[in-house]
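Please look over the sequence and the structure below. The briefing that follows covers a helix, a surface patch and aromatic pairs.

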Amino acid sequence: MTMREYLLRMHAETLKRLDQKEDMHLQAWLGHMVTATREQGKKQVPVYKTFRDFFDREKELEGLYGPKSDPRKSRLADIAAVANG
């Protein structure tokens, strides 16, 4: 391993540790957020009633990959692409 490769690996390890530290802080922040309450009349009620209210996985996936596509539409698009050649 050359000195350059070693320094690059050390830099990568430093960034990896920074990512881990950020993840720990995010986890602490989310732990605080999930226990948040608000006043409703004279009572304290949770801000998030269900886990899905707090984190909607399907919505997050749509943000990453776009809305779920209908496999039938995909098949029709493939057929149209072949037909239009």
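Helices (H or I, at least four residues) and strands (E, at least two) are DSSP runs, numbered from the N terminus. The model is predicted: local features need pLDDT of at least 70, side-chain atom pairs count only at pLDDT 80 or more, and totals for chains, interfaces and linings use all residues. Residues are numbered from 1 along each chain as its sequence is written, and side-chain values use heavy atoms, with hydrogens and water left out.

**Helix and surface patch**

- Tyr6 lies in helix 1 (residues 3–34).
- Tyr6 is partly exposed because its relative accessibility is 41% (buried means under 20% relative accessible area, exposed over 50%, partly exposed in between, with a 1.4 Å probe and protein chains only).
- Together with Met1, Met3, Leu7 and Met10, Tyr6 forms a nonpolar patch on the surface, with about 580 Å² of accessible area in total.
- Such a patch joins nonpolar side chains (Val, Leu, Ile, Met, Phe, Trp, Tyr) within 5 Å, from residues with over 30% relative accessible area and no salt bridge (a side-chain nitrogen of Lys or Arg within 4 Å of a carboxyl oxygen of Asp or Glu).
- Accessible areas come from the Shrake-Rupley method with a 1.4 Å probe; for residues, only the protein chains shown count as cover.

**Aromatic pairs**

- There are 2 aromatic pairs in the structure (rings of Phe, Tyr and Trp, the last by its six-membered ring, with centres within 6.5 Å; planes under 30 degrees apart count as stacked, over 60 as edge-to-face and the rest as tilted).
- Tyr48 and Phe54 make an edge-to-face pair, at 5.0 Å centre to centre and 75° between the planes.
- Phe51 and Phe55 have ring centres 6.2 Å apart and planes at 50°, so this pair is tilted.

**Exposure of the paired residues**

- Tyr48 is partly exposed at 24% relative accessibility, and Phe54 is partly exposed at 22%.
- Phe51 is exposed, with a relative accessible area of 61%, whereas Phe55 is partly exposed at 38%.

Methods: Patch = residues over 30% accessible without salt bridge, like charges linked within 9 Å, V, L, I, M, F, W, Y side chains within 5 Å.
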